[in-house]
Amino acid sequence: MAMKRHADVTWKGSLVEGSGSLDTQSGALSGLPLGFKARFEDESGKTGTNPEELIAGAHAGCFAMQLSHMLAESGTPADKLDVKADVTLQPAKGGGFEITKSALTLVGSVPGLEEGKFVEIAEKAKASCPVSKALGAIEITLDARYG
């Protein structure tokens, strides 16, 4: 069974002076501002979102859900999983920009599971989550530990 999800963006103007807004199918994101400043100048992230931030959210969410499923299947469901994804955007050789890396950081609480086994399952979840597979052209790292 194939599933489709969508997001809609409206953009007006040039890259630097223009602006846009993003809406998702679920309505969870509605009228979310997009702009050059939010992408390339505002490290605080307070002026709106950007594609890299959205990819980071998708990757962290997918990985957390995949790991949660795998831990439950092994008979050791997680009490809590905190996941952060840092997506790197940098200048590309020959001009423009490219996404080069997604670094996952995981702190988990899984009663009854040794930390070594936890890290092993987390590595399998990293490799098998659909967003990791979609990001196959970039480096994906995982720093997993108990917290």
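How many salt bridges does a search of the whole structure find?

A: The model is predicted: local features need pLDDT of at least 70, side-chain atom pairs count only at pLDDT 80 or more, and totals for chains, interfaces and linings use all residues. Residues are numbered from 1 along each chain as its sequence is written, and side-chain values use heavy atoms, with hydrogens and water left out.

Seven salt bridges turn up in a search of the whole structure. The term covers a side-chain nitrogen of Lys or Arg within 4 Å of a carboxyl oxygen of Asp or Glu. In general, side chains of opposite charge can pair when their charged atoms come close.

One of the seven joins the side chains of Glu 52 and Arg 39, at 2.6 Å from N to O. This pair connects distant parts of the chain: Glu 52 belongs to helix α2 (residues 51-73) and Arg 39 to helix α1 (residues 36-41), 13 residues apart. Helices (H or I, at least four residues) and strands (E, at least two) are DSSP runs, numbered from the N terminus. Glu 52 has a relative accessible area of 6% and is buried, while Arg 39, at 32%, is partly exposed. Here buried means under 20% relative accessible area, exposed over 50%, and partly exposed in between, with a 1.4 Å probe and protein chains only.

Another salt bridge brings together the side chains of Asp 82 and Lys 80, with 3.7 Å from N to O. Asp 82 is partly exposed, its relative accessible area being 38%.

Helix α3 (residues 115-128) supplies a further example. There the side chains of Lys 124 and Glu 120 form a salt bridge of 3.5 Å, N to O. Lys 124 and Glu 120 are four residues apart in α3, so about one helical turn separates them. Both count as partly exposed, Lys 124 at 45% relative accessibility and Glu 120 at 37%. Through salt bridges that share partners, Lys 117, Glu 120 and Lys 124 form one network.

The surrounding fold gives these pairs their setting. The chain contains four helices and six strands, in the order β-β-β-α-α-β-β-α-α-β from the N terminus on. Its C-alpha trace spans about 55 × 35 × 30 Å along the principal axes, and buried residues account for 31% of its 147 residues.

Strands of a sheet pair through backbone hydrogen bonds, either parallel or antiparallel. Two strands are taken as paired if DSSP finds at least two bridges between them. Eight bridges pair strand β5 (residues 97-109) with β6 in the parallel sense. Ser 102, for example, has Ile 140 in β6 as its bridge partner.

The other three-stranded open sheet is antiparallel, in the order β1-β2-β3. Here β1 and β3 (32-35) are the edges, each with a single partner strand, so one side of each is without a neighbour in the sheet. The twist in this sheet averages 25° from one strand to the next. Strand β2 (residues 19-24) runs antiparallel to β1, and six bridges join them. Thr 24 in β2 is the bridge partner of Ala 7.

Val 9 lies in strand β1 (residues 7-12) and is partly exposed, at 48% relative accessible area. Together with Trp 11, Leu 15 and Val 16, Val 9 makes a nonpolar surface patch of about 370 Å².

Finally, the cysteines. A search of the whole structure finds zero disulfides, a disulfide being a pair of cysteine sulfur atoms within 2.5 Å. For Cys 62, the closest cysteine sulfur is that of Cys 129 at 3.2 Å, too far for a bond. Both residues count as buried, Cys 62 at 16% relative accessibility and Cys 129 at 0%.

Definitions and conventions:
Patches are made of residues with over 30% relative accessible area and no salt bridge: like charges are joined within 9 Å, nonpolar side chains (Val, Leu, Ile, Met, Phe, Trp, Tyr) within 5 Å. Accessible areas come from the Shrake-Rupley method with a 1.4 Å probe; for residues, only the protein chains shown count as cover. Axes are lines fitted to C-alpha atoms, for helices over the stretch in contact, and angles run from 0 to 180 degrees between N-to-C directions.
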